Amino acid sequence: MTDFTIETARLRLRPYTAEEAGLVAGGTGRSAEWSAGYPREDDRDVARMFLGLPAGEPLYGPLQIVLLSTGQVIGGIGLFGPPDEETGTVAFGYGVAPEAEGRGYTTEAVRALLDRAFAEGRARRAVADTTHDNLGSQRVLEKAGLHRTSSDEALHYYAVEA
């Protein structure tokens with residue numbers, strides 16, 4: 001277990017442990033530390049990927065979003081690996097349980113993660129995408145300072161510079 005965490009006024013972003021990732025990925029049990037709608041299927045996919053990754057820098061892997069007030073895991077967020085060496089670009093994704101939506105938690109988590117990545121120095125640009133119908137995610141990205149750079153038939157693409 002690493003001591004790596006990112007804290008905000010209301011949240012703690014912490015890496016998975018192998019034990020918890022196994023429980024999330026397996027889908028056969030629940031932790032008392034999980035909110036009612038966690039894990040979502042996307043969280044299970046991320047946990048499976050985590051279990052297949054070699055140990056790396058926690059900043060550049062999946063993190064759980066934990067409410068400081070309750071200690072409950074409400075979702076996940078993460079960078080999809082270290083920055084591209086040439087451009088300094090990192091891609092990221094996130095999601096929270098339905099009961100945590102609309103409260104600003106996701107925007108707070110995105111800002112904190114990107115602030116940390118940019119402060120670390122290697123990341124100079126962050127990118128994300130979302131489907132056309134996911135208005136909540138579009139609002140999160142815009143509130144976190146990202147700007148739509150393009151769209152195709154399926155997705156809107158967003159970016160922000162450090």
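How many bridges join β7 to β8, and in which sense do the two strands run? Four bridges join them, and the strands run antiparallel; the points below place this pair in the rest of the fold.

1. Basis of the note. This is a predicted model, in which local features need pLDDT of at least 70 and side-chain atom pairs count only at pLDDT 80 or more, whereas totals for chains, interfaces and linings use all residues. Residues are numbered from 1 along each chain as its sequence is written, and side-chain values use heavy atoms, with hydrogens and water left out.

2. The sheet. Eight strands make up an open sheet of mixed pairing, in the order β1-β2-β3-β4-β5-β6-β8-β7; strands here are DSSP runs of E with at least two residues, helices are runs of H or I with at least four, and both are numbered from the N terminus. Two strands count as paired if DSSP finds at least two bridges between them. The edges are β1 (6–7) and β7 (147–151), each of which pairs on one side only.

3. S150 has Y157 in β8 as its bridge partner. Leaving out residues up to four places away in sequence, L155 touches D129, T130, T131, H132 and S150, where contact means heavy atoms within 4.5 Å. Helix α4 lies across β5, β6, β7 and β8 and runs at about 160 degrees to β6; the axes behind this angle are lines fitted to C-alpha atoms, for helices over the stretch in contact, and angles run from 0 to 180 degrees between N-to-C directions.

4. Strand β4 and its partners. β4 pairs with β3 in the antiparallel sense over five bridges, I65 having G75 as its bridge partner. The pairing of β4 with β5 is likewise antiparallel, over five bridges, and G76 stands opposite G95 in β5. Five residues separate the strands of the β3–β4 hairpin, where G71 takes a positive phi near 80 degrees.

5. The nonpolar cores. A nonpolar core is a set of buried Ala, Val, Leu, Ile, Met, Phe, Trp, Tyr and Cys residues joined through side-chain atoms within 4.5 Å. The largest has 33 residues, and those with the most contacts inside it are L13, L79, F92 and L114; its largest share, eight residues, comes from α3. Beyond its neighbours within four places in sequence, L13 is in contact with residues including F4, L63, I77, A109 and L113. A second, separate core of 10 residues includes Y16, A25, A47 and V66.

6. The buried residues of α1 are E20, A21, V24 and A25. They line one face of the helix, because seen down its axis they fall within an arc of 130 degrees, taken from the directions from the helix axis to the C-beta atoms. This buried set packs against β2, α2, β3 and β4, while the face turned away from it carries the exposed residues A18 and E19. α1 is followed by G27, whose phi is positive, near 65 degrees. P39 sits in the loop between α1 (18–26) and α2 (41–52), and the peptide bond from Y38 to P39 is cis, with omega near 0 degrees.

Methods. Buried means under 20% relative accessible area, exposed over 50%, partly exposed in between (1.4 Å probe, protein chains only).
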